[in-house]
Amino acid sequence: MSNDFYVGYLPLPQHHRRFLIVLLPVIGLLAVLVSFILSSQQSDPGDGNWDLASTTTLTGRVTVDPYPILSVPGSEGAPERQVLLITMGKVGGDGFTQPVAGEWITVTGYLIARDGRTMLTVKHAPTDITVAPNSPAREPRRTISLGRHRLRGEIIDPKCYFGAMKPGEGKVHKACATLCIAGGIPPMFVTRSEAGERTYYLLTDSEGNGLRGDALEALLPFVADPVRIEGEVDRWGDLLVCRMDPGSVVRE
Amino acid sequence: MSIQYRAVQWNRHKRIYDLLLVAGVVLFIAVFMIVGLTRWQGTAAAHPVTLLMRATSSCAITMLSIILMIGPAARLSPRFSPLLYNRRHFGVTMFLVALIHGAVAVFWYHGFGIVNPIVSVFTSNARYDSLSGFPFQPLGVLALAILFVMAATSHDFWLKNLTPTVWKTLHMLVYVAYALIVMHVTLGFLQDDVSWVYGALLGGTAVVIITLHLVTGVREWRRDSRDEGQAFGEGWIDVGSVDDIELNHAKVVVLRGCERIAVYRHADGISAISNVCAHQNGPLGEGRIVDGCVTCPWHGYQYLVHNGQSPPPYTEKIPTYDVRVEGRRILVNPEANPPGTEVTPASIPSETSGDRA
Ligand code: HEM
Ligand code: FES
């Protein structure tokens with residue numbers, strides 16, 4: 001009669017019990033399988049790293065134009081290291097570097113590094129910054145012009161891309177990258193060779209000024225999209241800089 | 001069922017159901033995290049917050065897909081009905097898991113900036129005029145808002161106060177939420193350079209869900225057109241033979257092309273009641289007589305077969321229909337009686353054996 005009819009508050013009929021004993025483990029196994037597949041198929045998050053466990057102290061000349069950068073002399077003939085200075089959160093380093101602009105400083109922070117490119121996150125400005133003695137003579141920035149180039153790739157916010165967020169690129173990360181760049185993190189450009197080798201360029205306007213205000217607004221909609229840019233590429237020490245017109249970015 | 005509302009009317013099945021549900025969620029997220037954390041290690045590791053965001057989103061969409069399959073599966077075979085019984089807890093749990101995903105996404109991708117995180121979700125990517133660049137996150141917010149309203153109104157208190165019709169319509173929004181989530185993933189995660197497996201799983205699941213709904217829809221449509229009552233003289237409709245109906249079972253018949261009724265055969269003869277359960281519109285004709293009461297196959301609400309009233313202390317009432325038997329034919333008056341009206345069951349003539357069914 002009704003012994004095959006399931007009612008939630010009555011004992012489970014045999015017929016249903018036998019079925020559930022098979023069905024429930026099958027659903028459980030399928031769920032584990034789906035979870036395993038979804039997790040194991042994720043793309044490589046990259047080898048960027050934000051070392052929040054230990055601090056790094058660097059000494060060099062700080063400039064704020066185009067962006068806050070610490071120029072650290074290269075050891076033994078290596079090119080001068082250009083370390084972008086930022087702070088915690090999705091904001092740039094303009095605020096805390098202004099008072100020491102042009103000075104020879106020692107600064108402590110957390111290093112973000114990927115593919116040899118570095119940034120320093122200064123958490124406790126100004127206490128973590130001291131104007132250092134034995135300042136070498138000020139020299140103009142040594143710039144090597146590499147000519148006009150057309151680059152294809154992605155506008156990135158280097159903080160996330162180099163390791164603060166892993167992964168910190170592409171469509172899923174577009175809103176976050178836009179927020180970071182709008183907050184003052186210097187925009188960079190990454191290209192990828194056929195072999196997968198990445199090259200990074202710091203972006204400035206055509207005159208070499210940092211992108212701020214309207215120039216930055218013009219760039220923001222293109223952040224994290226596949227794009228093409230054209231500009232004059234310079235080398236400053238270990239850093240490539242692309243001087244470009246932010247209104248001329250083309251989506252691929 | 002009663003006029004008093006308790007947070008949950010617990011019973012053994014609900015407890016086991018919820019236990020398995022929570023165990024499933026924990027297992028899913030644990031497997032996802034462990035695989036993610038062991039696959040890329042050291043400086044190559046993915047960030048655990050990103051992994052958590054993805055583990056919870058993957059778990060939530062898997063749960064939602066299962067929820068959407070349970071309905072049609074239970075209509076195709078009553079053997080799935082134990083899964084249907086406590087489906088609202090499945091829904092609320094799924095909402096909570098999706099909420100973690102949404103909250104982590106807002107915190108992680110929109111926090112720490114110069115814009116209010118909630119505002120940033122809508123403004124940081126402003127390419128509303130593009131398809132491939134479309135801001136997929138607001139779609140997730142919209143879906144989450146729908147799931148929230150559904151979870152918040154899932155209790156029988158709301159069911160009663162909103163009326164089952166409004167409630168049911170509200171809960172049909174789950175399909176809108178599902179569509180929004182499919183778009184959220186397609187225009188978001190799938191736009192990046194990711195494994196083909198994701199698109200295949202998302203598309204494959206959607207196809208299974210749609211097919212299941214189509215199959216049940218067609219089946220019911222066929223049954224309705226087959227079991228349509230035929231006019232029999234003035235004011236009566238012939239709904240079939242008593243021999244078509246097994247004892248303590250019902251036959252679902254369509255009257256005048258629209259209303260469905262359940263024609264029950266029971267110890268005292270034949271009775272006809274509305275097919276629509278007063279709880280959540282469950283199909284009463286697919287139920288059984290248990291302890292002398294028509295029992296809904298969905299959550300077990302009961303009605304006395306001769307008056308459509310839930311036995312005391314419960315107070316639900318459904319419409320009844322006048323019925324008589326001519327020879328072996330069952331005749332029903334298509335004018336419904338007000339809910340809870342007593343109708344004497346039509347007795348079945350005893351000259352022939354009625355147990356051919
Ligand atoms: C407040 C609402 C929501 C926000 C802000 C949001 C945000 C996001 C973000 C940022 C991503 C990309 C994450 C990444 O891969 O790095 C994502 C992906 C995803 N979301 Fe949502 N989401 C929301 C609601 C939902 C809801 C309700 C669901 C339904 C289950 C859902 C399901 C998914 C899925 C399956 C993915 C792809 C896997 C992943 O990348 O995590 N999301 N969402
Ligand atoms: S619909 Fe819930 S018991 Fe009938």
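Me: Let's start with a cysteine: is B:Cys277 buried or exposed?

Reply: Buried means under 20% relative accessible area, exposed means over 50%, and partly exposed is in between (1.4 Å probe, protein chains only). With a relative accessibility of 2%, B:Cys277 is buried. Keep in mind that this is a predicted model: local features need pLDDT of at least 70 and side-chain atom pairs pLDDT 80 or more, while totals for chains, interfaces and linings use all residues. Residues are numbered from 1 along each chain as written, chains are lettered from A and ligands numbered from 1 in the order written, and side-chain values use heavy atoms, leaving out hydrogens and water.

Me: How many disulfides are there over all chains?

Reply: A disulfide is a covalent bond between the sulfur atoms of two cysteines. Here the rule is two cysteine sulfurs within 2.5 Å, and the count over all chains is 0. Take B:Cys293, which is buried at 5%: its closest cysteine sulfur belongs to B:Cys277, and at 13 Å that is too far for a bond.

Me: What about the metal: which histidines coordinate the iron atom of ligand 1?

Reply: Look for donors, meaning N, O and S atoms within 2.8 Å of the metal (3.2 Å for Na, K and Ca); water isn't among the atoms, so sites may look incomplete. B:His101 and B:His184 each coordinate the iron through NE2, at 2.0 Å. The site has 6 donor atoms with angles of 85 to 180° and is octahedral, which for six donors means opposite ones over 155 degrees apart and all others between 65 and 115. B:His101 sits in helix α4 (residues 87-110) of chain B and B:His184 in helix α9 (residues 174-186), so the pair ties together parts 83 residues apart in sequence. Helices are DSSP runs (H or I, at least four residues), numbered from the N terminus. Both histidines are buried, B:His101 at 18% and B:His184 at 15%.

Me: And which residues have the most contacts inside the largest nonpolar core?

Reply: In soluble globular proteins, nonpolar side chains tend to be buried together. A core here is a set of buried Ala, Val, Leu, Ile, Met, Phe, Trp, Tyr and Cys residues joined through side-chain atoms within 4.5 Å. The largest has 119 residues, with A:Ile155 and A:Leu203 making the most contacts inside it. Helix α2 (residues 48-76) of chain B gives the most to this core, 12 residues. There's also a second, separate core of 16 residues, including B:Val239 and B:Tyr321.

How values were computed: Four donors count as tetrahedral if all angles lie between 85 and 135 degrees; four count as square planar and six as octahedral if opposite donors are over 155 degrees apart and all others between 65 and 115; anything else is irregular. Helices (H or I, at least four residues) and strands (E, at least two) are DSSP runs, numbered from the N terminus.
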